[in-house]
Amino acid sequence: MKKRNSIFLLLFLFSSLLFSQSYIGPESIEYNPDDDRWFVSNSSNNQILECDNNGNILSVFVNNVGGGPHGLEYVDGILYACSGGRIKGYDSIGNLVVNYYMGGTFLNGLTHKGNDLFMTDFSEKKMYRYNINSGNLNLFCTFSRTPNGTYYDDLNDRLLVVCWGNNAPIYEVNLSDSTYSIAITTSLGNIDGIAMDDCGDFYISAWSSNAIHKFSSDFSSNQIVAPGMSSPADIYYNRNDNILAVPNSGNNTVSFIQMTDCNSTNILDQNNDLYIYPNPVNNGFVNFNQNISNIKLFNYLGRLVKVQNKKSNKFSLEGLSKGVYFIDVGSDIKKIIIE
């Protein structure tokens, strides 16, 4: 009887572990280039998860974070997380090494320049600065609109802050005197995250459109590059591999979108980069951000498995087995994964 109870207990613990390893309110995503790991803050159950480039959860990195967590930022071997009114830091194996009370209410967006962490307070419309080495903390800026995600633009040495609400502005914060100005007032509502590629173009996640918008470096133009998201939250652009990672807080998924190198001279890139989404895919179709004709699909062995000659912005994958495939559009080849 004791042996049977022990088996049931082990099964229960194992099933509980599996259940816990799922996205529940994914809010922020961060990449650790040192060992090629992604971290996702599970804001609805106080966890930070580890996942791979396909969105597969590898493990629970930290349990019982408390107060979310929300914004994540990786700096010099430490993963920092916004947790309620605190900033917490975890080493490479998940040990808590920083636990500092900021005096904030709802710390949300998080970025850094050098040893300075900058975090937005969603409830108080503020931004704080915390020095990692000295532990010094100061109120850096107070906004008129509700700040959400933030990003340090290393090409122009400035902070950018996206805002919540209708016709949400994007603020530019001067690092020398902490004053802010409006870079652009968008027609978007509830902007959550902001990221940047190597060419200085910005990616903005908006709940009003459930899409990722790409803005030029001077915010003079924009286009939707990833529609069909679900309440996209605090995004991350891996500038080494040109991967845009999007936590979808509305349907508890994480999307990894392979972008084209902005410095590429590919024929498609001269006018409009080709994007394929979703990727990985499990609904039988992939979409393109432009109309494409003469599409060929190859499996991982290089065998042609499907051809589509008509011009379309969709391509059916129905009836195909799970695995890795390659879409050839003549002037570009993209890898896709069917789950």
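Two residues are in contact when they have heavy atoms within 4.5 Å of each other. In this predicted model, 39% of the contacts between residues at least 6 apart in sequence join residues at least 24 apart. Local features need pLDDT of at least 70, side-chain atom pairs count only at pLDDT 80 or more, and totals for chains, interfaces and linings use all residues. Residues are numbered from 1 along each chain as its sequence is written, and side-chain values use heavy atoms, with hydrogens and water left out.

**Overall make-up**
- The protein has 30 strands and 1 helix; these are DSSP runs numbered from the N terminus, with helices (H or I) of at least four residues and strands (E) of at least two.
- Of the 339 residues, 52% are buried (under 20% relative accessible area, 1.4 Å probe, protein chains only; exposed is over 50%, partly exposed in between).

**Cores**
- The largest nonpolar core has 27 residues, of which Met127, Phe140 and Leu159 touch the most other members; such a core is a set of buried Ala, Val, Leu, Ile, Met, Phe, Trp, Tyr and Cys residues joined through side-chain atoms within 4.5 Å.
- Elements giving two or more residues to this core include β12 (137-142) and β14 (158-163), and β14 gives the largest share, 5 residues.
- Leaving aside neighbours within four places in sequence, the contacts of Leu159 include Met127, Phe140 and Tyr171.
- Another core, apart from this one, has 14 residues, among them Val281 and Ile338.

**Tyrosine 300**
- Tyrosine 300 is in the loop between β26 (295-299) and β27 (304-308).
- Tyrosine 300 is exposed, because its relative accessible area is 61%.
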